[in-house]
Amino acid sequence: MSLTLPDSLSYAEVESINHWTDHLFSFRVGRPSTFRFRSGEFVMLGLPVAGKPLLRAYSVASPFWDDALDFYSIKIMDGPLTSRLQHIQPGDKIILGKKPTGTLVLDALKPGKRLFLFSTGTGIAPFASLIRDPETYEKYEQVILTHTCRNISELDYGQQLVTSLDDDPLLGETIPGRLTYFSSTTREQYSQMGRITNLLSTGDFFRRLEIEELEPEYDRAMICGSLAMIKDTSEILETAGLQEGANSSPREFVIEKAFAQ
Ligand code: A2P
């Protein structure tokens, strides 16, 4: 029997699940008709556990116009939620919050020309939404998405997503030449290796992409990864003259922790 939920929560039906590696999976749930969000926002999501909703924050990975909601998650063996969530099947119900929120939104940045989206691990999820939002390309001439993971297989989700955009009915014609995807690994041999922080501070990143170094006047950025990655990347952006903003005071960059439990 399902739990009676407070007004702030509702049930959503699982449509599909994709297991990317033995510790990464994504899933798609039906979108409640009243559910609205801005690309880049997160929502509380979970399962009934011991008679109560057990919820964690998850970035919506799908675009705002989609009729379903995608989420990308790690699996932690003894994680209170993901140890259970990883076993969901099509037709199951999950619990979904009704009020998405977050700082990785276009409105929290001052207008600019280039938008850098720096991610590690599941931190790519909010950017999976933003790179499929036509408004991103209306506001920025160039969008540069970076994704760094320990191993090559962890890059699959982002790689497939970026490849799929060529056939995207809304963006297929906009994206060529506008979206740059940069991936690197840190623990497995790959064509591009190194933490994004190291690649930025040595200048290797800019040289490999053959682009200009950061320029606070027209560069904007969003960062999503572990706390340490956010801190270190923020310091590099600040050294380059960019300042952190928020919904209430748009500036040159915004940050958010990649949620995982
Ligand atoms: P590394 O393998 O050198 O730790 P995690 O799975 O631990 O969240 O890491 C995801 C990716 O983020 C890994 O490639 C990891 O590199 C990288 N990373 C971890 N900490 C930092 C940091 N402080 N700055 C930049 N990248 C980081």
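I count two strands as paired if DSSP finds at least two bridges between them; strands (E, at least two residues) and helices (H or I, at least four) are DSSP runs numbered from the N terminus. The model is predicted, with local features needing pLDDT of at least 70, side-chain atom pairs pLDDT 80 or more, and totals for chains, interfaces and linings using all residues. Residues are numbered from 1 along each chain as its sequence is written, and side-chain values use heavy atoms, without hydrogens and water.

Sheet. I looked up β1 (residues 9-21) and found it paired with β6 (residues 93-97), antiparallel, over 5 bridges. Ala 12 stands opposite Ile 94 in β6. I read the order of the open, antiparallel sheet of 6 strands as β4-β3-β6-β1-β2-β5. β4 (52-59) and β5 (68-74) are at the edges with a single partner strand each, so one side of each has no neighbour in the sheet.

For polar contacts I used pairs of N or O atoms within 3.5 Å. A ligand oxygen is 2.6 Å from a side-chain N or O atom of Thr 186. A ligand nitrogen is 3.3 Å from a polar backbone atom of Ala 228, and a ligand nitrogen is 3.5 Å from one of Met 229. Alone, the ligand exposes 550 Å², of which the protein buries 79% (Shrake-Rupley method, 1.4 Å probe).

Definitions and conventions: Polar contact = N/O pair within 3.5 Å; in protein donor to acceptor, adjacent residues only side chain to side chain.
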